Structure formats: structure tokens, C-alpha cells
Amino acid sequence: MSKKILVWFRNDLRLHDNEMLVEAIAKADEILPVYVFDPRHFEHSRYHTIKTGITRAQFLLESVEAIRQSFQKFGGDILIAKGRPEDLLPKLVAEYEITEVYHHREVASEETAVSTHVEDLLWKQKVNLKHFIGHTLYNKEDLPFPIRDIPDVFAQFKKKTERDAIVKPCFLTPEKINFVKVEAWGELPKLSELIVNEELQVSTENSEFKGGEQEAFKHLHDFLHTGEDMALSNTSLKKNEVVSKLSAWLALGCLSPREVYWKMKEAEANYGLKPYFNQIVLGLLWRDYYRFMFKKYRNTFFKPEGFAANLKTLPQVDNDLLQSWKSGNTGQPLVDAVMYELNTTGYINNAARQLVATYLVYELGLNWVMGAAYFEEKLIDYNPASNWGNWANIAGVGNDQRLTNSFNFEKLLKIVDPKGLYSQAVRA
């Protein structure tokens, strides 16, 4: 009997630098790629938000469609289903006589709970769920410390990791794939089928962000080309002005962090501009740091008290103050402009995120988890570790207490909009 491996795609929607896919192709006679749209990802949360908003849902649909088209070029496809993975995957394993299931391990509680449930059910079928780790720049086994000993202070994590760890080369993109024979590969859901709790009147036409691996490559190329132009014209940017906007493709795994790293290193060798490219590598390190912190501390980052055990937490209420912040009607011009941009595009840069988060926590005096949950709904580049880790640190309940005093609203105003032009530009 031929060996068939089911490749369960989640936040890894790419063919390049995908160890899970490369190994499945090498080990199996045929593979069955699968993507499951889990309705729980689009439900209301206990924070008066929707788990996935319209902009991120549209980006996800585009990204799944893009990997479908990539597989079709190899003469196959990706099986698309809607439901709970723990209900659907065991049925697919039985129907297609699957030998083994491959997937990428996640770190947040809801995602890991689903994996555990799937693993238990597959075990009853005597089928193994093999875990891969492909979301970080550094593999955890290549770090200079075990997960339990990773420094809580980011500066220490960065120093030791950059000094003692290595970034591995990327896995090659497959050149040939043999697929399990499937009669009906499934239809991509319509946006209206996923977003049942939100008005669809918000425009999803966003020329800057379109999902998929090829779009990610195009955006990366454009960013590197900007660096080349800067080198030729001998211009420079301040640190807070270096924004790649690659994070949306990184979040869904349309783009590998190692691919970004090695392309940056290549560009740096060609053009110089080390400070320009280093800002992006620094962003990749922050992604790794929060992901490893979630691995180390699990659900602590989701708790309102975080790492401040004796903290008296604020009520989690959806009041008028919170609504004014969400809708960009606080009366603070820059905060309102940033929230308008978030609501209309699904993206704001890191300094802008810190600004509006600091305003919610320290100026409005609201519970930080309400803001973190709203970002989860709206951000096109949402990932649990970076979002909730950043918010916890801004609120002073994170694990790196050295960061707490760095979030000053007046200081952030000057960083985000030193010339007072931002709000006019956003609403133009």
C-alpha cells in the first residue's frame, strides 16, 4: 500500500522554506494538502469583539486561494473544508487511507488545544500527528538556551541569540509533487459565509495588502528595491521611518522569516545601509521573542493581571470611552487618525500601535485586554504572541519589566507624528 501523508496547513501558506511540505513530499508516495476554515475563528469573543474581522478574513481567503493556485500548477490542489479540524481530519484520514498527518505547531492556547484534540483522535486510529516548527527565524533547538531558561529581558535574549545562535538556510521550493486523487477538492468560502457577525459594507479593497506567497515576494522585492534606491541616492531614514509592512504575510506564513532574513543580508552586502535592514531583522527577533515567551509561559499573557500577580484589574466593560477609542472619536487628533487607519486598512505601524495602546491604558484608564482583543479583530497581521505580548508589556503586566517605563504618551506623539502631518495624510 502506498504511503499517503495529509499536510494540514494553518499559518504556513507557502511553498518556499516549508520543511513540513518538503519532508512530506520526500517521505510519501502521495500527499493530501488540507486547509480547514474553523468557524470558531469568526465568532464573537468575550471581549465584545469578533475573533477575525473582515479585512483579515479577506486577506486569509486570498492567501488560501493563492496556495491553491500554486498546487494546481503542479497538477494537484488543496482540499478546502469548513468545520472543526478535530471533526474533519480524522474522517479524511479514514476516507483517503492516510498514513501520517503533518502540521506546524502553534503556541497560543486555543490553537494548541485543537492540535492536542486532533492528535488524541488520530492516535485512536493509529495515525501519528507529526509536529513541525516553522514560524520563527531561529529554531528553538538552535537557541543557546532551553525554552525554560530564555531570558525574560528582550535585550538579553537578543544579545545572546545573535551571538550564539545561527539562522539556518531556507528549504528549497518543491519541483515536483504527487497528490492523492480527490474528486471534490472543495470550494473556497465566500467572505459573507465567514463573516456572519459583522456588516460587510466596509470596503475590503486594499491595494497595499493582497494575500498569497507571490504577493509577499513582490512586496519584499519592492522593499529591497527601495533600499537600493536609497543607497544610490545616498539618503537615509530614521529608525521609526523604516517600515516594511511584511508582517501580514509573515503572520499567515505566506512569507518565511528566514527568507526575509537572508534577502536582507544579501541586500545589505550589496548596498550597505545596515541600519535600514537591521530594523527589519530586529522586528523578526521581536516576533521570535514573543513566540518563545508564549512557549515558556503559556496562557499568562492572556490574563488581565499578566505577570503582576497582586494587581487589581479593571472591569472588562464595553463602555462609551472604549467605543470612542475603537471608532476614532476620542478628540485626540493623532489617536483618532491612527484608529481610523486601523479600521479602514487593517494596518498601523508599530509606533502607532504603541501610541493608541498607551492612550487606552494610561489616558483613558481602561483594561488593556479590551484593546488587545480589538487589535485581534482588526489587524491584518494579527498573531497571538506578538499582539498580546506587546499589549501586556505596554500595560506594565508583561514579563520584561524594563519595557514598562518606555511607554510615554507625549513621547510617542513626537515619534509617530513629529511634524503634525499624520492625521491630515491619513484622512486625505
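**From a cavity to the aromatic pairs**

In this predicted model, the largest cavity is lined by Arg105, Val107, Ile133, Thr136, Lys140, Ile147, Arg291, Phe292 and Lys295. Sorted by class, that lining consists of 4 nonpolar, 1 polar and 4 charged residues, and the space inside the largest cavity comes to about 110 Å³. A search of the whole structure finds 7 cavities of 30 Å³ or more.

We turn next to a pair of strands. Strand β4, residues 100-104, runs parallel to strand β5, residues 128-132, and the two are paired over 5 bridges, with Tyr102 standing opposite Lys130 in β5. Between β4 and β5 the chain passes through helix α4, residues 109-124, and this β-α-β crossover is right-handed.

In one of them, the ring centres of Phe59 and Trp249 are 5.7 Å apart and the planes meet at 65°, which is over 60, so the pair counts as edge-to-face. Because Phe59 belongs to helix α2 (residues 54-72) and Trp249 to helix α8 (residues 247-251), this pair ties together parts that are 190 residues apart in sequence. Phe59 is buried, with a relative accessible area of 1%, and Trp249 is buried at 1% as well.

Another aromatic pair, Phe157 and Tyr289, is tilted, with 5.6 Å from centre to centre and 55° between the planes. This pair links helix α5 (residues 154-164), which holds Phe157, to helix α10 (residues 274-297), which holds Tyr289, across 132 residues. Phe157 is buried at 0% relative accessible area, and Tyr289 is likewise buried at 0%. Finally, ring pairs join Tyr47, Phe294, Tyr297, Phe301, Phe302, Phe307, Trp368 and Trp388 into a cluster.

Methods: Residues are numbered from 1 along each chain as its sequence is written. This is a predicted model: local features need pLDDT of at least 70, side-chain atom pairs count only at pLDDT 80 or more; totals for chains, interfaces and linings use all residues. Side-chain values use heavy atoms; hydrogens and water are left out. On a 1 Å grid over the protein atoms alone, a cavity is a set of points where a 1.4 Å probe fits but cannot get out, and a pocket is an open set with protein on both sides within 12 Å along at least five of seven lines; lining residues have an atom within 4 Å of a point. Grid points are joined across faces, edges and corners, and a volume is the space filled by probe spheres set on the points. Ala, Val, Leu, Ile, Met, Phe, Trp, Tyr, Cys and Pro count as nonpolar, Asp, Glu, Lys and Arg as charged, and the others, Gly among them, as polar. Two strands pair if DSSP finds at least two bridges between them. Helices (H or I, at least four residues) and strands (E, at least two) are DSSP runs, numbered from the N terminus. A crossover is right-handed if, with the strands pointing away from the viewer, the path from the first strand over the helix to the second runs clockwise. Rings of Phe, Tyr and Trp (its six-membered ring) pair if their centres lie within 6.5 Å; planes under 30 degrees apart count as stacked, over 60 as edge-to-face and the rest as tilted. Buried means under 20% relative accessible area, exposed over 50%, partly exposed in between (1.4 Å probe, protein chains only).
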